[in-house]
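Here are my notes for a colleague opening this entry for the first time. Please read them beside the model.

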Amino acid sequence: MSKTNVVEVSNLHFARGTRSIFSGLNIGIKRGCVTAVMGPSGCGKTTLLRLIGGQLIPQQGQVKVFDQVLHSLNREQLTQLRARMGVLFQSGALFTDLNVFENVAFPLREHGSMTADELHDKVLLRLEAVGLRGARYLMPAELSGGMARRVALARAIAMEPELVLYDEPFAGQDPIALAVLQRLIRALNDSLQMTSVLISHDIVEACAIADEVILLGGAGVLAQGSPEALLKSTDPMVYQFMHGQADGAVPFHYPAPELITEMRTATARSHIQTSVMTDHQELK
Amino acid sequence: MLCKQLQLIGQWVLCRLAGLGGALFMLLQSLLVLPGRQGLQRLLQQLYVVGVQSLIIMLVSAAFIGMVLALQGYTLLVDYGSEQAVGQMVALTLVRELAPVVAALLFAGRAGSALTAELGLMKATEQLASLEMFGVDPLHRIVAPRFIAGVLALPILVIIFNLVGVYGGHLVAVEWLGVHSGAYWGNMQAAVSFIDDIVNGLIKAVVFAILVTWTALYQGYHCIPTSQGISAATTRTVVYSSLLILGFDFILTALMFGGL
């Protein structure tokens, strides 16, 4: 392992059916940093997260985490390596038959060798960190979306992992929950000296806490650098994504024949012709 | 043209064989590790879910089936003056055929579909992936206790089905139609063999339990994690289980009672 990289992806090829997701992907995740992995929908962000977590096997190339090639590990070794990782799933993935306390205690019970009192205190400390100590007896169905995400975060960091993977942590959150999550991810990363990989669509929120941004697209890396550098980039694709423009290098429309050729009624065709002519006149 | 058709048939057969192999592999992998103390707790919990919660539908169905059998049997036998044999007819029909088959079909609809939907939703909400990431094998934690619970629950439900069905028949034949109570029980005791009838019926129940629970768990574990995917998997569980129950019932009946 390079001394600075916790995760190293080299010459990664991965396809789903005939569709290539990654073709020769090379990235490195720096130790101690919050790295935001961004890109348009379907570019393979979540797939990358699952490859780093060892849930998917690359068809070619390799994924190294803590200097170990994931797909060469046996079940036991992979379990030991995963004990050093935490994952915050997009849906939270709380166990619906366990209450908040038991959800956070789950990884500690499975891998820890602590007494019941130590476990109790550790779970309370984790819940205190996300502001939900008072909600420890609630069931997942009784939590709001933001609370569920915070419980999932407490569970992900329960074992004090060296690497935490966040899959769309801000998706569907109200502004308050979003700000809380944003603050927590940065604060936990720094206080527990972790490395964080953040998969996100939310450019403003992700850039506000990320040390580095990796922009995926076209089955590889479009750009990599600090958030400031990427926001200033003049590359058409990078610019379009970082500034949230609907149309540009990445077309808004899925490839299709002209709309007018597909219309069946004369009324619809004339309506399209009129609106195209109006657009032309406005442009002139 | 013929070559293409042969190719399609070959692909279909290979796909089905791969599915069967995958299902067998899943089952073996889930059962390889012996359950610990917590595993036993999970097994008891699942026995309650698949067994106790299926009890009401079994009791009601068994009572009505026993009553219908007695009524139909009596109207047939009374023409020959043999209505005293109605008890033996009800008991033999139940223990050999109807109890294992109907209970298994009801079990597939009640518990099998619930197992598939539960596993499908666990997959859709990433709970299975989450377990994997915590280094816990979902096959041991989730699949194994459900499978063992299903295999234990159905034979017990079939025994209860037999008892309730016989008492349902007694209610109609003896209390309503006036068949002599002594003849009802006496002919039944004389005709029903413990090994040939009751044990063979229970062997059927165990085979059906394995088929239904295995199908349900495989469909749930490997479903497409969307609302449409879970719905399709639940439907497949009920359809495949029902066909397997009826097909295997014929094979087992031929082996047990067909003199093969």
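The points below cover chain A, then a helix pair in chain B.

1. This is a predicted model: local features need pLDDT of at least 70, side-chain atom pairs count only at pLDDT 80 or more, and totals for chains, interfaces and linings use all residues. Residues are numbered from 1 along each chain as its sequence is written, with chains lettered from A and ligands numbered from 1 in the order in which they are written.

2. Chain A has 11 helices and 10 strands (DSSP runs numbered from the N terminus: H or I of at least four residues, E of at least two). Its C-alpha trace spans about 75 × 40 × 35 Å along the principal axes.

3. Chain A splits into domain 1 (1–84 + 161–252), domain 2 (98–159) and domain 3 (257–284). These bounds come from an automatic or database domain assignment. The centres of domain 1 and domain 2 of chain A lie 26 Å apart, taken over C-alpha atoms. Their contact takes 12 residues from domain 1 and 10 residues from domain 2 (contact: C-beta atoms, placed from the backbone, within 7 Å). Helix 6 (residues 175–191) of chain A gives the largest share of the domain 1 side, 4 residues.

4. In chain B, the axes of helix 1 (residues 2–31) and helix 6 (residues 138–176) come within 8 Å and cross at roughly 100°. Axes are lines fitted to C-alpha atoms, for helices over the stretch in contact, with angles from 0 to 180 degrees between N-to-C directions. The two helices of chain B are therefore roughly perpendicular (65 to 115 degrees). Helix 1 of chain B contributes Met26(B), Gln29(B), Ser30(B) and Leu31(B) to the contact.

Conventions: Two residues are in contact if their C-beta atoms, placed from the backbone, lie within 7 Å. Angles under 35 degrees count as roughly parallel, over 145 as roughly antiparallel, 65 to 115 as roughly perpendicular and the rest as oblique.
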